[in-house]
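User: I've got this one open on my screen and would like to go through it with you. Can we start with the inside and work outwards?

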Amino acid sequence: MNTHFLRWIRRPSRMLPLALIVSSLGPVQIAHAQIKLAKEKKTLTEYFREIEKQTGYIFLYDQSVSAVIKISLDCSDCNIQQLIAEMAKKSDLEFKISGKQILVKKHKKGAVESKQAIPMTKLDTLVGTVIDIHGTPIQGTTIQVKGTKIGTSSDRMGMFKLQKPVKGAVLVAHAIGYEPQEIEIDGQNTVAMRLLSKSILVDEVVVSTGFQKRQRNKMIGNVSSITGADMEMAGVTSVDKALRGKLTGVYVNANSGRPGETGKIMIRGNNTMTGNGEPLFVLDGMPLQTGDVAGIGSNNNINSLLTNGVGNIPPEDIASIDILRDATAAAIYGARAANGVIVITTKRGQAGKDYIAYTGRAALVAPPTNHFNFMNSEQKLNYERNLYNDFHPAYGGRANQLLLQAENGTISLEEADRQIAELGKTNTNWIDQLYRPALQQTHNITLSGGNTQTQYNVSLNHQDAQGTLIENKFRMSNMNMKLSRNIQDKLLIDLNMYGTLKKNQEGVSNLDPFRYAVFANPYERPYDDQGNYAWDMTYRNLSTNLNNDNPLNYQTFNIIRELRENRMTTDYGNIRATLGLEYKFLKNFRYRANAAIDYTSVTTEDESRAGTYRSFAENWIAKASNLDGTILDKYNLGFFKENSGKTIAYTVRNTVEYNQTFSNKHFIQAFVANEISDKINKRFNHNNPIYLQDYRMTGYPSWDVIPKEVYNRLQLETLGGTYFEEDREVSFISSLVYAYDNRYVVNANFRSDGVDIIGSKNQFTPLWSAGLKWNAHEEDFIKNRFAWLNRFVVSAGYGYTGSINRSIYPFHTYTLSAQMYGNVVTASQFNFGNPVLKWEKKRDLDLGVQLSMLNSRLNMEANYYDNKVTDLLDEIELPISVGRASAKVNNGILTNKGWELSARIEVVKIQTGSGKSEQT
């Protein structure tokens with residue numbers, strides 16, 4: 001299926017969807033140093049110099065700021081935020097922190113000035129603009145007169161004003177993510193500065209494991225990353241599409257192609273034969289719930305479409321995705337990490353001016369096409385005629401049926417030939433009848449900003465997508481909110497809220513629509529001459545035991561009618577809240593508490609109109625009466641099925657972390673944590689065998705039509721049922737990292753998980769990993785001899801992760817039926833338990849080499865992995881003499897091994913047109 005993106009805005013060398021983004025500042029920088037100032041009157045510039053000595057911050061201001069009257073500050077033990085608030089209050093100036101720089105300028109309403117202040121005229125003002133290489137304004141750029149404290153910043157349009165410097169002065173522009181730019185002033189009143197994007201060194205990239213954030217040069221394990229900017233450039237609408245084809249060892253397979261459906265993600269092959277093979281998803285540090293939510297009997301594809309939590313996250317909200325592929329990186333997730341871990345970090349607010357961003361995307365998805373060179377109607381009818389003349393089959397296409405009727409005397413041969421000739425005039429392209437170009441659109445609005453104490457990020461997202469199959473449509477709305485508050489220098493509180501509503505509606509047919517569109521006879525029509533549905537008499541396999549006119553044969557089939565009058569509608573709602581509290585104590589210690597609660601509700605309504613083939617084929621009376629799936633039309637009265645499910649889950653985690661660097665060479669990071677989680681799932685379903693769709697009225701059939709001899713065999717449990725499940729888990733985690741001089745890194749992880757569905761003997765499973773890393777490019781002998789080599793890393797890791805199939809129990813289970821035997825309710829199904837059930841354990845061995853050379857123009861990576869899963873759950877056959885035919889036991893072994901090779905070449909590194917700043 002091909003996707004064509006509509007081009008809404010044009011930029012040099014690339015195509016992007018419509019995007020309007022206003023104001024974006026760099027990451028929040030919080031000073032932890034305590035400042036002491038004597039209580040006395042001083043000018044602001046005197047205070048600035050004193051604070052700079054104690055904190056390392058730099059104040060930027062113009063000459064008008066230095067003319068502010070003297071003020072008095074009393075600070076015996078203050079932080080930088082408190083001082084800025086006090087100075088702003090007493091001076092009526094505006095302060096803004098950008099990295100380690102503090103910009104000071106006059107408040108819009110005017111500042112308190114001394115009588116010596118000299119008003120600025122147009123001739124005294126330098127006006128400028130700051131843009132990137134594509135001409136996009138850069139907000140928040142710091143512009144400073146070199147060698148002075150005079151400076152300002154650009155507004156949302158990239159504009160700035162500054163008291164005109166003397167001739168020969170040099171302006172310096174700094175912006176986060178861009179290379180600094182200098183330009184000499186030669187008396188002009190206007191200036192334009194164009195900044196180049198700054199290449200971030202690979203070793204400087206911060207990787208998130210969900211528990212910690214660590215620089216890549218201190219991270220051991222096979223980790224791949226994608227940034228939010230990468231996804232925005234790709235124009236994707238879901239996380240799985242962002243991963244597809246981007247990373248080695250990560251495979252994404254679509255299930256059915258429904259709009260809004262999340263593809264199945266697999267990392268380094270399958271590691272289980274009976275359980276869930278998908279990776280663990282971690283959102284902002286806390287794992288997402290797994291497992292189906294919808295009611296019993298619901299469509300599995302619908303479950304996958306709606307209840308996959310990762311599908312709730314709009315790409316516009318994502319800051320980064322880190323994929324942990326081996327045990328060295330993922331062992332801290334223990335028994336949930338056998339299939340890999342995908343850590344998603346969403347965007348957070350940044351200190352500075354507030355901004356609003358809008359992004360809109362539209363895509364037109366092309367319908368499938370039939371490239372088979374099939375016969376047209378005339379050719380197909382001639383083929384059927386020849387087949388009839390040679391073999392006289394009892395059943396076949398329209399020509400066969402008409403010639404058989406002529407031979408039996410029902411119609412004349414001339415009439416048969418006339419009708420065959422008439423059929424030859426129709427050539428229906430069923431692909432065009434059942435499929436269409438589908439419009440899919442996404443809209444996202446983000447509000448973000450804050451100050452040094454409070455940061456917020458709120459996003460609203462709406463997605464509306466048609467399916468290429470008629471009657472299919474999908475809608476999703478999200479609201480995500482992140483709020484961070486620094487209560488004091490040592491205490492931080494985070495609150496994240498995620499809300500999602502989804503609605504999926506589709507036409508349903510018992511016959512595969514795509515297969516029908518490919519193989520249905522072209523002489524069949526969707527509508528007759530009066531515009532009514534026309535009946536297809538040749539596609540279905542009618543029973544050879546009955547002639548075509550038998551009333552028990554369904555003869556009014558029309559695929560378009562089936563899709564329009566049989567409908568499945570699913571509504572999904574999810575709300576997730578996470579609360580985090582972080583407290584720094586002693587020296588270099590940090591305690592963090594996290595709690596996540598997740599509530600999900602899913603309801604599916606399956607409607608089948610009376611008279612349709614689906615209602616005929618799935619008729620409850622026919623099945624209950626053992627009528628071989630055939631029934632008179634008067635009993636074809638439709639049906640209505642409803643499945644509902646709700647899940648509430650929570651996870652609580654406590655972590656104590658220690659970080660310290662000694663003598664600028666020895667780095668230690670260690671943490672211990674414990675985690676408890678619980679998930680409760682309740683489901684309900686019911687089936688009404690009679691349904692009047694126009695009035696939404698349901699009912700049950702009369703028992704008079706059911707033979708009395710089959711009463712005891714009626715499957716009454718198919719009319720409804722309930723389900724309850726609870727999963728509980730507790731974990732103990734620890735990790736240690738040591739790095740020497742950024743060259744040698746050692747890492748060890750340990751986790752023990754316990755669950756409630758395994759007996760006490762095997763209830764806990766200890767899992768661990770260890771790894772070594774050598775950053776060879778940091779060695780002096782490498783730097784001196786191989787200047788062209790930018791990065792050379794060798795790593796090795798070994799460890800264990802695990803998994804558990806929660807559908808296998810250590811005790812026996814049975815399903816109650818609606819049948820009685822001697823006043824005792826009987827079971828319709830009995831499942832033997834396994835009292836010696838154990839965890840599936842996966843051993844990982846990973847070896848890797850990474851190279852970057854020629855100013856990072858050539859980047860290569862090679863990884864070898866050897867994974868072995870033991871105690872694999874498998875179903876084995878047993879002698880019938882033991883009383884059961886099979887059992888699921890931990891006796892399997894599965895291995896995955898292979899090489900992952902990747903290379904990235906940057907042939908051209910784009911600079912500005914002239915390679916220099918422009919000036920006017």
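User: Which residues have the most contacts inside the largest nonpolar core?

Analyst: This is a predicted model, so keep that in mind throughout. Its largest nonpolar core has 25 residues, and the ones with the most contacts inside it are W430, L434, Y516, A517, F557, I559 and Y613.

User: And which helices each supply at least two residues of this core?

Analyst: α11 (430-434), α12, α13, α14 and α15 (620-624) each do that. As a general point, nonpolar side chains in soluble globular proteins tend to be buried together.

User: Is F557 buried or exposed? And Y613, buried or exposed?

Analyst: F557 is buried, at a relative accessible area of 0%. Y613 counts as buried too, with 14% relative accessibility.

User: What about F589 and Y658, how are their rings arranged?

Analyst: That aromatic pair is tilted, with 4.8 Å from centre to centre and 45 degrees between the planes. F589 is in strand β32 (residues 589-608) and Y658 in strand β33 (residues 639-662), so the pair ties together parts 69 residues apart in sequence. F589 counts as partly exposed, at 30% relative accessibility.

User: Which rings have a charged end sitting over them?

Analyst: Here are two. The charged end of K502 is over the ring of Y572, 5.0 Å from the ring centre. R653 has its charged end over the ring of F211, 4.0 Å from that centre.

User: Switching to the surface. Which residues make the nonpolar patch?

Analyst: I575, I597, Y599, I648, Y650 and I676 make a patch of about 510 Å². β32 and β33 are the elements giving two or more residues to that patch. I597, for one, lies in strand β32 and is partly exposed, with a relative accessible area of 43%.

User: OK, salt bridges. How many are there?

Analyst: The count comes to 41 salt bridges. One of them joins D846 and R268, whose closest N and O atoms are 2.9 Å apart.

User: What does the D846 and R268 pair tie together?

Analyst: D846 is in strand β43 (residues 840-853) and R268 is in the loop between β21 (264-267) and β22 (280-283), so parts 578 residues apart in sequence are tied together.

User: Are those two buried or exposed?

Analyst: D846 counts as buried, at 4% relative accessibility. R268 counts as buried as well, at 2%.

User: How about R728 and D756, where do they lie?

Analyst: Their side chains meet in a salt bridge, at 3.8 Å from N to O. R728 lies in strand β37 (residues 720-740), and D756 is in the loop between β38 (744-755) and β39 (764-775), 28 residues apart. R728 counts as partly exposed at 47% relative accessibility, and D756 does at 27%.

User: Which residues do salt bridges with shared partners join into one network?

Analyst: D494, E582, R590, R592 and E657 are joined into one network.

User: Last topic, backbone. Which non-glycine residues have a positive phi?

Analyst: Among them are L586, with phi near 50 degrees, and S663, with phi near 55 degrees. L586 is in the loop between β31 (566-585) and β32, and S663 is in the loop between β33 and β34 (666-688).

User: Buried or exposed, those two?

Analyst: L586 counts as exposed, at 71% relative accessibility. S663 is exposed as well, with a relative accessible area of 64%.

Technical notes:
Residues numbered from 1 in each chain as written. Predicted model: local features only at pLDDT ≥ 70, side-chain atom pairs only at ≥ 80, totals over all residues. Heavy atoms only, no water. Buried < 20%, exposed > 50% of the residue type's maximum accessible area, 1.4 Å probe, protein only. Phe/Tyr/Trp six-rings, centres within 6.5 Å; stacked < 30°, edge-to-face > 60°. Helix = DSSP H or I, 4+ residues; strand = E, 2+ residues; numbered from the N terminus. Lys NZ or Arg CZ within 6 Å of the ring centre and 35° of its normal. Core = buried A, V, L, I, M, F, W, Y, C linked by side-chain atoms within 4.5 Å. Patch = residues over 30% accessible without salt bridge, like charges linked within 9 Å, V, L, I, M, F, W, Y side chains within 5 Å. Areas by Shrake-Rupley, 256 points an atom, 1.4 Å probe, with all protein chains shown as cover. Salt bridge = Lys/Arg side-chain N within 4 Å of Asp/Glu carboxyl O.
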